[in-house]
Amino acid sequence: GMARAVLRGRFLLPALAVALCMPVAASAGGQSAGAEKMPRTAQEIRRDRENADSLIRFGQPATAREILQTLCYDDGDDVACQNLGVMAMTGEGGDVDMAAGRAAFARGCDLQLLEACQNLADALVSGDGGPVEDVRALSLYLELCQRRYGGRNCYFAALMIEEGRGVTHPDAAKAQEGYRSACDMRYRPACDRVKGGP
């Protein structure tokens, strides 16, 4: 199933106190019109990410989800996008919002987080949060397979190719290559599909 990316770093109580007392988003009222916001430092981003993680653990996922939203879209934080996507799709900290989940995974994938690309590909194949997009899904699975990110991605690419999804016509030989790669990566179901045994 989907899991949030594990965030590193020890939990500090002061961080929670800060997270609980601080307003989540600065109001635009104090800024003069058209003023450019300064990009935030990596340290500030990391602190917010840790705060969001603490809030989730301490039963305040709605606040965490708001923080992750800002981190993902304003700060371009890949892990925040991944975690926001999971929360949106599972309804943690608010409504189930498949479209928002898919968008967050797409943003995380654009930021090169392979885990987010995998979740995006799954959403594109199943039609979660938007239309089924086989061509895009297949290209993501193939890229993940090439980068040896999980045998399951090679397997899903092979399945799609064998079924003719996302390709102009089914290609059993090409599918076999995918199954073989997946089997080499110890993805069991793929080994059953390799002709002539592993």
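When I give an angle between two helices, I mean the angle between their N-to-C directions, taken from axes fitted to C-alpha atoms over the stretch in contact. Keep that in mind. This is a predicted model.

Let's start with helix 2, residues 42-57, and helix 3. They pack at an angle of about 155°, and their axes are 8 Å apart. Angles over 145 degrees count as roughly antiparallel. Helix 2 and helix 3 are therefore roughly antiparallel to each other. Their crossing is left-handed. Who makes the contact? On the helix 2 side, Ile45, Asp48, Arg49, Ala52, Leu55 and Ile56. On the helix 3 side, Pro61, Thr63, Ala64, Ile67, Leu68 and Leu71.

Move along the chain. Asp77 lies in the loop between helix 3, residues 61-73, and helix 4. Is Asp77 buried or exposed? Asp77 is buried, with a relative accessible area of 7%. Leave aside its neighbours within four places in sequence. Asp77 is then in contact with Ile45, Arg49, Leu71, Cys72 and Leu111. Ile45 and Arg49 belong to the helix 2 side of the contact, and Leu71 to the helix 3 side.

Next, helix 4 and helix 5. Their axes come within 7 Å and cross at roughly 165°. That makes helix 4 roughly antiparallel to helix 5. Helix 4 passes helix 5 in a left-handed crossing. From helix 4, the residues that meet helix 5 include Asp78, Cys81, Leu84 and Met89. Among their partners in helix 5 are Met98, Arg102, Phe105 and Gly108.

The largest nonpolar core has 32 residues. Which of them have the most contacts inside it? Leu120, Leu140, Tyr155, Tyr179 and Ala190. Helix 4 (78-90), helix 5 (98-110), helix 6, helix 7, helix 8, helix 9 and helix 10 each supply at least two residues of this core. Helix 8 gives the largest share, seven residues. There is also a second, separate core of 14 residues, and it includes Ala52, Leu71, Cys72 and Leu84.

Take Leu140 from the largest core. Again, set aside neighbours within four places in sequence. Leu140 is in contact with Cys109, Cys117, Leu120, Ala121 and Leu124. Leu120, like Leu140, is on the list of residues with the most contacts inside that core.

That brings us to helix 8 itself, residues 151-163. Helix 8 has 13 residues and reaches 18 Å from its first C-alpha to its last. That is close to the 18 Å expected at 1.5 Å a residue. Ten of the 13 residues are buried, so helix 8 is largely enclosed by the rest of the structure. Among the buried ones are Gly151, Arg152, Asn153, Tyr155 and Met160. What do the buried residues of helix 8 pack against? Four helices: helix 6 (114-126), helix 7 (134-146), helix 9 (172-184) and helix 10 (188-191). Just after helix 8, Gly164 takes a positive phi of about 75°.

One last pair. Val135 sits in helix 7. Val135 is exposed, with a relative accessible area of 59%. Met160 in helix 8, by contrast, is buried. Val135 and Met160 are 25 residues apart along the chain, and their C-alpha atoms are separated by 9.6 Å.

To recap: helix 2 and helix 3 are roughly antiparallel. Helix 4 and helix 5 are too.

How values were computed. Residues are numbered from 1 along each chain as its sequence is written. This is a predicted model: local features need pLDDT of at least 70, side-chain atom pairs count only at pLDDT 80 or more; totals for chains, interfaces and linings use all residues. Side-chain values use heavy atoms; hydrogens and water are left out. The expected span of a helix is 1.5 Å times one less than its number of residues. Buried means under 20% relative accessible area, exposed over 50%, partly exposed in between (1.4 Å probe, protein chains only). Contact means heavy atoms within 4.5 Å. A nonpolar core is a set of buried Ala, Val, Leu, Ile, Met, Phe, Trp, Tyr and Cys residues joined through side-chain atoms within 4.5 Å. Axes are lines fitted to C-alpha atoms, for helices over the stretch in contact, and angles run from 0 to 180 degrees between N-to-C directions. Angles under 35 degrees count as roughly parallel, over 145 as roughly antiparallel, 65 to 115 as roughly perpendicular and the rest as oblique. A crossing is left-handed if the near helix is turned anticlockwise from the far one by less than a right angle, and right-handed if clockwise.
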